Amino acid sequence: MSADVTALASRPADPPASAARRPRWGRRLANGAGIVTLLYLILYALYGLWDRGAFSAYAFTNLVNNAAPLAIAAAGETLVVLSRGFDLSVAGVMSLTNVVMATYPMEGPQGALLSLLMCMAIGGVVGCVNGAAVAYLRLQSIAATLGTMIICRGLSLVILDAPGGTVTDFVSNTLTDQLFGVIPVSGLIVAALAGLWGLVRRTDFGVALYTVGTDETAAALSGVSVARTRFLAFVGAGLVYGVAGFMLTAQTATGNPNGGNPFLMLTFAAVALGGTSLSGGRGGMIGSIVGAATLMLLQKVLFSGGVSSFYTGIFQGVVLVVAIVFSRALSRLLDGRRR
Amino acid sequence: MGSAGRPGLTVEGATKSYGATVALEHVSLHLAAGEVHALLGENGAGKSTLVKILSGVVQPDTGAMTLDGAPYRPHTILQARAAGVATAFQELSLPANLTVAESLLMPRLSKGAGGLISARKTERTAAAILRRHGLASIDPGQAIDDLPLAERQRLEIVRALHHASKVLVLDEPTAALAEVDWLFDRIRDAAQAGIAILYISHRLAEVRSLCKLATVLRNGQSVATVAVDGASDDRIFELMVGHGKRAGIQRRPAAPRGAARLEVRNLATARLGDVSFQVAAGEILGVAALDGQGQRSLFYSLVGLEARSGGTVTVAGRDSSPTRPEGALKDGLALLPEERKTEGILTSLSAAGNIVLPIMPQVSRSGFVWPSLERQAAAEPARAVDMSPRYLEFRIGDLSGGNQQKALLARTMATGAKTLLLYDPTRGVDVGTKETIYAAIRVFTEGGGAVLIYSSELPELVRIADRCLVLYGGSIFAEFEGDDIDERAMVAALTGHPGAARGPASPEPAS
């Protein structure tokens, strides 16, 4: 093109960029955390309908205690899933920390704190191994964490070959009690984790986590260290699994080398139910926590509704699929309106 | 000779190989401070590798670089940025989950109280950057996802400008831009400020208006650095491809028009109002438009990727209203989509696998598909686009952009559809590949096929189209036919210049 033609072509600028911002509330709802919260409230209403005692502090504390280990495990898993990975080691770490606590009980609040730190240290080490394998050695996350999960399970059986061990009174009673007779202590721990997540989201690491999960290449070209972000996600997840194992011990008041196994699938179910995309980049910890709570509440509702516990799995699966389909449909709808 | 001490960036003897493939071999280049330097070469000549080396994404195997006399060997993008070298990448690198502001400041956003990220501060910082570079019209709080391609490209450039205190690398910066004034102003400002600029483009006209010197890469080697003013187009093409070719533009004689193959009446979508036209068998109908005038909507609504709100489409006399591209294929319509990276190729499959994808059932033998069957079936379509058969077994992701595009065109033709919808088929493709693609399109129409082609480059339409529509604001603003297809007149029509509006040569029946 000659110069004057170029000039002509460029006179009227392209039409202005679509000015409409996506509404914030729309994003919230569409990302699934909103839907699962709604689902939780509906289920709780059902529970109240069938069981008069549902709204008592005692019943609520029970629910929270039941849900806490899964909620915390799912919160940890969320970190890895957001970065587009899977972490199967969650089941192994929970078993391992559980048997370690039951084998080496430490009395009193200080002892409990030491136990907690020990659990987190175990989780952190496993997380480091996972992270190094996935981020630096570039193994596929499912393969690497499958390995560490099996190792942790094996270690658990070596440490405690049959259910048993001792859990101190402080851990099994105080941590499952209520503060001021109303607030469940385990709920406070979950809330503290959620609060911490709120802070992490507003760090460069938090933004990088979502970015790596969305588009690894673009993240790298934007100056994000993809390997470091992935590594930190696994380490963070491991630390949180340690807390989950700690709470599992408090809830079950015993050591069981297979105690963590049921959590493997439920953790992913909770993450997905909470609206976090298993392909990375979308979602958050709060959704996973509520997702876990919903799965556990569902058990309770079915029980109080007189449904045989054999059916629980079926219902959990159906709810999971329906919730994901529904949230997909809703986000399509919102997107459609935007265009 | 002692290049140390010369201001600017010097590359000497850079070599890089990936396994057995040598991507760059002893490439030398000097970018002087305050000058715009062009880098030319066909796809696969090693331009992308050189860009990656300059910006710290990969490290050269051998060779040395100096920046203002000091050794320069970045290992990450951040190190390159810290040294003052920044790149606007061809494959736009803005993460889709971020806002405009976040993507500009990544990986370190502005912090507020307690060391936490403050969205407000981040947006304020970003707004200042956008203003400084003449892009105040973009809202820093907007999601990248919601930006049109052209705006994303501008943003990519602004981000590079922001970090480039010494060297700015622009890799195909106009690939998605219909208007270049903004970019050229930025480039001239940056050069004035003493920044060395490496400008990579397939558009020779741009290079001529911006650059004094051009370095030509061929097969991974820097074959020459020439003064742009002293070199004719032919000379430059010759350096790029290694032999002189490309005669002057030759329009083919107007083909006798056959029966209407594709007929569109009063088509309307959210971005398109009341568009009617026909494409006859054996005809190439061009569509010219600036960014975002509804051309994408037109192509996508024809194959069911976008909803229509009115109008009828008939293909070979039969009504066609597909809701998915498969349906369109059954009707005999095949689309070559806009973004080959995200909408076209399956990077992990072989080139052959990509080509035969739509005709899988014909390729399989009693339900199974072997690579050799794929290669056999892909050979014919690959020949039609002049793609070397040795590429067929490679993973398509490893091929150059030009070969990927050829494979995609081969796939579109392999569907057996008699009407092709080609959306910017030569975007980001080198001159040699362009010629091949033109030839393939011609052969296709001579065999009785009909083609609707949108191109972001006017000269291309002037060359290849029998008739040409100009879209403006979602409707047909003008129509040109035969020798009337002229750049100057079309440019006026593109911009909606009132005097340029003109109707079709033969009036269509009123509807």
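**Strands and helices in chains A and B**

Biologist: In what sense do strand β9 (residues 213–218) of chain B and β10(B) pair, and over how many bridges?

Modeller: In this predicted model, B:Arg218 stands opposite B:Gln221 of β10(B). β9(B) and β10(B) run in the antiparallel sense, and the bridges between them number six.

Biologist: Which helix packs on the sheet, touching β6 and β7 (167–171) of chain B?

Modeller: The direction of this helix makes about 175 degrees with that of β6(B). The helix covers residues 149–163 of chain B and is α5.

Biologist: In what order do the six strands of the open sheet in chain B stand?

Modeller: The pairing in this sheet is mixed. The order is β6-β7-β8-β3-β9-β10.

Biologist: Why is one side of β6 (85–88) and of β10 (221–227) in chain B left without a neighbour in the sheet?

Modeller: β6(B) and β10(B) stand at the edges of the sheet. One side of each is therefore open, since each has a single partner strand.

Biologist: By how many degrees are neighbouring strands of this sheet turned against each other on average?

Modeller: The angle ignores strand direction. On average it is 20 degrees.

Biologist: Is strand β13 (residues 284–288) of chain B mostly covered or mostly open, and how many of its residues are buried?

Modeller: B:Ile284, B:Gly286 and B:Ala288 point one way from β13(B), while B:Leu285 and B:Val287 point the other way. Residues on both sides are buried. The strand is mostly covered, and the count of buried residues is five of five.

Biologist: What is the bridge partner of B:Val287 in β19(B)?

Modeller: β13(B) is joined by four bridges to strand β18 (residues 450–454) of chain B, and the two run parallel. In β18(B), B:Val287 stands opposite B:Tyr454. β13(B) also pairs in the parallel sense with strand β19 (residues 467–472) of chain B, over four bridges. There the partner of B:Val287 is B:Leu469.

Biologist: Is the peptide bond from B:Met106 to B:Pro107 cis or trans?

Modeller: B:Pro107 is placed in the loop between α3 (100–105) and α4 (119–132) of chain B. Most peptide bonds are trans. The bond from B:Met106 to B:Pro107 has omega near 0 degrees, and is cis.

Biologist: What is the phi of B:His26?

Modeller: B:His26 lies in strand β2 (residues 21–32) of chain B. It is partly exposed, with 13 other C-beta atoms within 10 Å. Most residues other than glycine have a negative phi. B:His26 is not a glycine, but its phi is positive, at about 45 degrees.

Biologist: What is the phi of B:Asp68?

Modeller: B:Asp68 is found in the loop between β4 (62–67) and β5 (70–71) of chain B. It has 18 other C-beta atoms within 10 Å and is partly exposed. It is not a glycine either, and its phi is positive, at about 50 degrees.

Biologist: How many helices and strands does chain A have?

Modeller: Buried residues make up 50% of the 339 residues in chain A. Chain A has 15 helices and two strands.

Biologist: At roughly what angle do helix α6 (residues 108–136) and helix α7 (residues 141–159) of chain A cross?

Modeller: The axes of α6(A) and α7(A) come within 9 Å, and the crossing angle is roughly 150 degrees. An angle over 145 degrees counts as roughly antiparallel, so α6(A) and α7(A) are roughly antiparallel. The crossing is right-handed, at roughly 150 degrees.

Biologist: By class, which residues does the contact of α6(A) with α7(A) have?

Modeller: α6(A) contributes A:Val126, A:Val129, A:Asn130, A:Ala133 and A:Val134. α7(A) contributes A:Ser141, A:Ala144, A:Thr145, A:Thr148 and A:Cys152. By class, these are six nonpolar, four polar and no charged residues.

Terms used: Residues are numbered from 1 along each chain as its sequence is written. Chains are lettered from A and ligands numbered from 1 in the order in which they are written. This is a predicted model: local features need pLDDT of at least 70, side-chain atom pairs count only at pLDDT 80 or more; totals for chains, interfaces and linings use all residues. A residue is buried if 20 or more other C-beta atoms lie within 10 Å of its own, exposed if 12 or fewer, and partly exposed in between; C-beta atoms are placed from the backbone. Two strands pair if DSSP finds at least two bridges between them. Axes are lines fitted to C-alpha atoms, for helices over the stretch in contact, and angles run from 0 to 180 degrees between N-to-C directions. Two residues are in contact if their C-beta atoms, placed from the backbone, lie within 7 Å. Angles under 35 degrees count as roughly parallel, over 145 as roughly antiparallel, 65 to 115 as roughly perpendicular and the rest as oblique. A crossing is left-handed if the near helix is turned anticlockwise from the far one by less than a right angle, and right-handed if clockwise. Ala, Val, Leu, Ile, Met, Phe, Trp, Tyr, Cys and Pro count as nonpolar, Asp, Glu, Lys and Arg as charged, and the others, Gly among them, as polar.
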